[in-house]
Amino acid sequence: MLERIALHQTRLHTPGLGLDAKGVALGAKGLVLLPSIDRLVGLLSVYTRERSLEDLMPSLGMNVVKSKLGTREITLEFAAESSDRMDRIAETARLVGGFTFTGTARHFVQYRDAAAPFGYDATTLLATDAALALYHDRFSQTYDVERRVELRPLLLRLMPHLDPASRLVPGPRVVVAEQGLGPALVHYLVRSRVDGEVGVAEWAPESAFEDAPVRRWVFRIPELPRRMQPLMHSTPGIRCFVPVAPGAAVEAGHRHPVELRACPVFDPAGLVLVRGGGEEPWILDRMPPMGPLTAFARVEMRTTGAEASTASATRPADSVRVPLRVVPSTAPWKNVTATWVEPAQVPLLRRLAYALPHGTIAAARVAMTARGAFLRSSGGIEAIPLGTFFVEVHPNLYVPAGHEVTPSVAPEVLARALGAAPGQVLFVGTDARAIAVEESAFAPLEAALVEASPWEPAVAEAIEQALDDAPLDLKVTGIGMLPLRGVDPAPKQGD
Amino acid sequence: MADLGAIAERLYAGVMAPMVLGGAIEPGHAIGARAALALGEGDRTTTDPDREFQVQLGRVRRARRLAAVDRFPPASRSEWALGAILHDLLQAANPTFDTVLRRSAAERILLVARDALDRVPDAATVREALSRHTWFGRVLDIARTDTSVSWWVGSRTYLGVEAPHRLQAWPELRRVSVVKAEHALLELEPLAVDRAGLTEALARFLAKTPLTALATCTRDAPPFVWSPATLALVATRPGRTLALRALAKLPAADVDAALGRATRDLLGARRSMAAPAVTLLGERALAQAAGHVDRGHGGAGPSPAHAHAAFARGLGAVAGMLMLESGEAGWPHGERARLIAALDVAARSPPAREAVALLGEGS
């Protein structure tokens, strides 16, 4: 009943079947026929490992269908949209033993495979009132829909697999403690300086014989210390969950068969806690109000002594002026813009000048004093590796690099205390004594460095030879096949 | 139109830069008038700043032989056009065109280049004339080296290309003889275009760079003539100074002969325009009398060149005497008397009288 679609074939028999831009037969929908629910779970598991169901969700429908012979199978319908999407799902379905079809309303034909790259067309349609008529090269069958299968209940009914490795996954944890354990766990976490939030959630009674709701403490811990993990995993009454998707977490030590992160069926404002061991999941439609753990720390009240002690009188403080000290500091060096080269090192500076790059020399200014040479360079003085480096802590106020002033006062206060006159540059040495250098004494280093050397006139003959014009040697080059190509006359005046 | 950037790059590297720096000139595919006139649109730059820097340095070096100039702007639109036209003139002289089916192509290239020259404006200022001279001052120095290789069983001539090394191998055993001969642009053989046409095109080209035309006035071909552009140049004080400095570097007798012939023609044809030329000759005569310019030797015998030189000297002496007598040159009295005495003989010579007669016809 099926025939392969040929290249450039345009006419198809199956209603609702068309050809996309690549020439592949494609209906509005895709359909995967699966023999059992575990194959459906397998399909979802494989598919969600690599991509999300988010784009399929609006059109996704899963049904239990029944054939005329009474066999029940599972169908998964979705919008076909493109052959790329169909190809991906068909490959996954083939992996789990499903058949892929495409169609629009009732009649679905087998989707393309290696034997028919452009797909199939049904030459003879089944006359039926059934909801689905599937045409495969092995069978043609009609089905009626028995019931619908929702994705979220399906996911929640699936038992997670044992996976001890998930306990070691770093990251946030959701810890649920029974009501009696909650306060003790709070104090334990506060004492251990573990950050987190805590709230109390209520569930309906587990049996009709109980009239009070079940309360549990819910902890959200961004980073559970490794040493506490065994405690959380093995203490009865405490369940530890690993968040796997917004609004969903799976108990540590287990893994859900389907990648829940790829299934946008959980409300991020709520919380679904999938428990292992075949227990039903805990569902919170809305997260309870959460507070920081420290807010629940144990408080103790002072029971003896007066309530407060009040000062009886105040008076001005005694003078606390102390001598200035310059002490080594571990703070990183920054803004090192000056150096003090002592007189003994000035000859070394002269020799170093030959090795300095032009940029360094051009940017540096120097003041020669009886105490040595002071060099400043706003771009940094490290390029002149000589002398004692100074950091400019305030305009025109320098302290030795790697040192700081104690008492630790603001640079403005220090400048004011030293009382330097405007136009003076102050260098505070390691002995806390300051040296003042007139700003006008600083001159460009390049002007101070160069010493005119005697020169001799160049030999005129050499210049004459250098100025001789090289002969103009006309070379003959090829003229090409079309020597007049592009040789256009001048445009007319006014063009 | 083809990619102007690529054309400019090729033109600059192949012709314009070597014209300044010397070396091999390698004209390529003909450019045409339309592209030549459009090359200088916008700020045309080349992709080799080092070479451009060297060229600019070479131009300043050339200019400073005549004037104290420190820098020149890059090639102007007119200079790009003149460069492209020169390129096409050189390509028209390519011996490869000298076949039955290709000769017309060379003629066409030459015709288009000549038409393009008419669309290039004359130098409007002395600086522009000097700038053009820095580019094209050596246009008449262009020469092609032809190599003749002969060996024991044959010989072959290579025009403008190097002879292959294999032909020069084992020179003693094969009795190889290599003779290299340089041929100036207007002496090239074979030539696919009419030689007179090429000469006339080169004359028009020189008219567009008047300082070059004056600085090479002693050339054999194309002969120097006073064009409106050269007259306009020497009509100005700075232009005349540059011209005198350029002429002072040439043999004085040859300069006198060239200027005398051109001025005699000018007086005969367009006497009203001859005043700048006469002034130039007058100042040149004064410079010679003052000893600033070598007097040169006119040669012996009544040759035409000698007659033209005598005419130039006579006309210059008359013009110099008039300048001295008018006092416009501001000479000290004693010096002026000495100069008048020095010029008096030449001013009374028959050529001078002939010049006065020619001048008088117009007054």
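Helix H12 (residues 275-290) of chain B packs against helix H14 (residues 333-347) of chain B in this predicted model, at an angle of about 110° and with the axes 9 Å apart. H12(B) is therefore roughly perpendicular to H14(B), a term for angles of 65 to 115 degrees. Axes are lines fitted to C-alpha atoms, for helices over the stretch in contact, and angles run from 0 to 180 degrees between N-to-C directions. Helices (H or I, at least four residues) and strands (E, at least two) are DSSP runs, numbered from the N terminus. From H12(B), Ala285(B), Leu286(B), Ala289(B) and Ala290(B) meet Leu339(B), Ala342(B) and Leu343(B) of H14(B). The contact of H12(B) with H14(B) has seven nonpolar, no polar and no charged residues. Nonpolar here covers Ala, Val, Leu, Ile, Met, Phe, Trp, Tyr, Cys and Pro; charged covers Asp, Glu, Lys and Arg; the others, Gly among them, are polar.

Residues are numbered from 1 along each chain as its sequence is written, and chains are lettered from A and ligands numbered from 1 in the order in which they are written. Because the model is predicted, local features need pLDDT of at least 70 and side-chain atom pairs count only at pLDDT 80 or more, while totals for chains, interfaces and linings use all residues.

Chain A holds an open, mixed sheet of eight strands, in the order S30-S29-S27-S26-S23-S25-S24-S31. Strands pair if DSSP finds at least two bridges between them. Strand S30 (434-438) and strand S31 (443-444) of chain A are the edges, each pairing on one side only. Strand S23 (residues 336-341) and strand S26 (residues 388-394) of chain A are antiparallel, with four bridges. Ala338(A) has Phe390(A) in S26(A) as its bridge partner. Helix H8 (residues 411-418) of chain A packs on the sheet and touches S26, strand S27 (397-400), strand S29 (424-428) and S30 of chain A. The direction of H8 makes about 100° with that of S26(A).

Between the chains, 21 residues of chain A are in contact (C-beta atoms, placed from the backbone, within 7 Å) with 41 residues of chain B. Strand S32 (residues 472-474) gives the most to the chain A side, with three residues. That side has 13 nonpolar, four polar and four charged residues. S32(A) also runs parallel to strand S2 (residues 143-151) of chain B, joined by two bridges. Asp473(A) stands opposite Ala143(B) in S2(B).

The largest nonpolar core has 115 residues. A core is a set of buried Ala, Val, Leu, Ile, Met, Phe, Trp, Tyr and Cys residues joined through C-beta atoms within 7 Å. Buried means 20 or more other C-beta atoms within 10 Å, exposed 12 or fewer, and partly exposed in between. Residues with the most contacts inside this core include Ala36(B), Ile85(B) and Leu89(B). Helix H13 (residues 304-326) of chain B provides the largest share, eleven residues. A second, separate core of 71 residues includes Leu31(A), Met62(A), Tyr111(A) and Val244(A).

Some backbone features fall in loops. A cis peptide bond joins Thr406(A) and Pro407(A), with omega about -5°. Pro407(A) lies between strand S28 (403-406) and H8 of chain A. Another cis peptide bond joins Glu189(B) and Pro190(B), with omega about -10°. Asn396(A), not a glycine, has a positive phi of about 65°. Asn396(A) sits in the loop between S26 and S27 of chain A. With 17 other C-beta atoms within 10 Å, Asn396(A) is partly exposed.

Methods:
Angles under 35 degrees count as roughly parallel, over 145 as roughly antiparallel, 65 to 115 as roughly perpendicular and the rest as oblique. Two residues are in contact if their C-beta atoms, placed from the backbone, lie within 7 Å.
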